[in-house]
There are 2 protein chains.
Amino acid sequence: MKENKQIPPATVKRLPLYLQCLDQLKTDSIGVSSRKLAELAKVNDAQVRRDLSYLGTLGTRGVGYDISTLRNQLQLELGLVEGWSAVIVGIGNLGSALAHYGGFREKGFGIVGLFDEDPKKIDSQVAGLVVKPLKELKSYCEKFDVAIGIIATPGQYAQGVADHLINCGVRSILNFAPVLLKNTPNIQIRSVDLSQELQILSYYLDRPILKAVD
Amino acid sequence: MKENKQIPPATVKRLPLYLQCLDQLKTDSIGVSSRKLAELAKVNDAQVRRDLSYLGTLGTRGVGYDISTLRNQLQLELGLVEGWSAVIVGIGNLGSALAHYGGFREKGFGIVGLFDEDPKKIDSQVAGLVVKPLKELKSYCEKFDVAIGIIATPGQYAQGVADHLINCGVRSILNFAPVLLKNTPNIQIRSVDLSQELQILSYYLDRPILKAVD
DNA sequence: TTTTATATCTAATAATTAGTTCAAATAATT
DNA sequence: AATTATTTGAACTAATTATTAGATATAAAA
């Protein structure tokens, strides 16, 4: 639609979803309709069109969207072409799992460092990287211009690690520790709380008719 | 406020958050105000009051909320007192991490079985449980009345596993595989896509001023 | 060429969610 | 006992988000 208008948060949240839907599409098809995308993403098709209109006028009436154009535009808008670097702090079970997770690299993120304070973990190799102590965080962040910090420590250390990350110039934090991090100006924080997700499911277990929020 | 009115999805999503805030509160305090809770949860205090009013008239004007009453009511409403049983399918790095994660048990969920198809994993012990092959899923689900299935397989197997779980009587699915599962009537599905979370962060990295959606 | 089916885009409307304001109730203070 | 500071709860208002309806463009079929 128009270029300089800012994209509503609710839409931003769905953009990665649409990207995933495109990946899930048969590779031989060249175009896709909002209806098809809506079916995959499980949202209303008008919603899809509105959301995509924020990226520009990408569709063709009577035809649909060109998949590769759409994918490029989504990647561009989400900043996936910037090649942001990230570090993971806390290399326990979850941290290791995140380090091994291929989806980050696939979407253009580079995990450039793993950090922990446990002497038993330091210098061990995880997913092809050597685990380093936190005192080396700053030099890593400077060297690789790290923009994103992923926290997978036990809850009690999470805030300290967050402060440390921010101090090292990290501008976004993805937090898996089950604690609420303090807000810091200009720092984006997203928290994924595994047990909270289960609790939401639990609510709807007793009420199978109701429609949940995503 | 009133008992039979259904709780808005946006509120349901915040209830586990409030529960977490209570845990984070000093244990010696007996009461808490909506303002304090709002500060911890990083939402508006009127929002807190409105959200909590769906659980009944729990607060006292001029005083605040009794912490233990509030906690009980939240746990009750979220169904955490039901002691739902869950299984994890896909015992790779992420599946193991989930199996080790203490937060599930802490919130009242019981992980009663781990399943995988890889012969190298079957019969191995993870987090005190023996990994079983999927053909034993049905008997487990019946024996333990499993309500929740957690999927941590590679994407390509996720839909098959989901179908299997549903076939075994599971009514809710928490999916960590980076694919979109088909909708099934009366089955609640929540997906946690790790790379999608990073992508949302990535969008705001280029636009540090904007306010993101939770 | 005309008609029909398809599908985007926009404007208008509806639904949901969030925030403001203020009356009422409590507890502490004067 | 009266006053003041708190703090909830509810009504009202505002903002955001989602859906519907209609106009327009494309492609295929008659």
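In this predicted model, the surface near DNA strand C receives at least two residues from each of H2, H3, strand S2 (59-60) and strand S3 (64-66) of chain A, and likewise from helix H1 (9-24) and H3 of chain B. The largest share of that surface is contributed by H3(A), which supplies 5 residues. In total, 31 residues surround DNA strand C, and the closest of them are A:Gly59, A:Gly62, B:Asn44, B:Ala46 and B:Gly62. Sorted by class, the surface near DNA strand C comprises 13 nonpolar, 12 polar and 6 charged residues.

Around DNA strand D there are 30 residues, of which A:Asn44, A:Ala46, A:Gly62, B:Gly59 and B:Gly62 come nearest. Here the elements giving two or more residues are H1 and helix H3 (45-53) of chain A, together with helix H2 (34-41), helix H3 (45-53), strand S2 (59-60) and strand S3 (64-66) of chain B. H3(B) gives the most to the surface near DNA strand D, with 4 residues, and the surface as a whole divides into 13 nonpolar, 12 polar and 5 charged residues.

The contact between the two protein chains involves 59 residues of chain A and 59 residues of chain B. On the side of chain A that touches chain B, two or more residues are given by each of helix H1 (9-24), helix H2 (34-41), helix H5 (93-100), helix H6 (103-106), strand S8 (146-151), strand S9 (172-175), strand S10 (188-191) and helix H9 (194-205) of chain A. H9(A) gives the most to this side, with 12 residues, and by class the side consists of 35 nonpolar, 16 polar and 8 charged residues. Because 100% of the interface residues of chain A are also interface residues in chain B, the copies meet through the same surface.

Superposition of chain A on chain B gives an RMSD of 0.1 Å, by a turn of 180 degrees and a shift of 0.0 Å along the axis. The two copies are therefore related as by a two-fold rotation axis.

Within chain B, 3 strands form an open sheet with antiparallel pairing, in the order S1-S3-S2, and the edge strands, strand S1 (31-32) and S2 of chain B, each pair on one side only. S1(B) and S3(B), which run antiparallel, are joined by 2 bridges, and B:Gly31 stands opposite B:Asp66 in S3(B). Helix H4 (residues 67-77) of chain B lies across S1 and S3 of chain B, where the helix runs at about 70 degrees to S3(B).

How values were computed:
Residues numbered from 1 in each chain as written. Chains lettered and ligands numbered in written order. Predicted model: local features only at pLDDT ≥ 70, side-chain atom pairs only at ≥ 80, totals over all residues. Contact = placed C-beta atoms within 7 Å. Nonpolar A, V, L, I, M, F, W, Y, C, P; charged D, E, K, R; others polar. Near = placed C-beta within 6 Å. Least-squares fit on C-alpha atoms with pLDDT ≥ 70 in both. Pairing = 2+ DSSP bridges. Axes fitted to C-alpha atoms, helices over the stretch in contact; angles between N-to-C directions.
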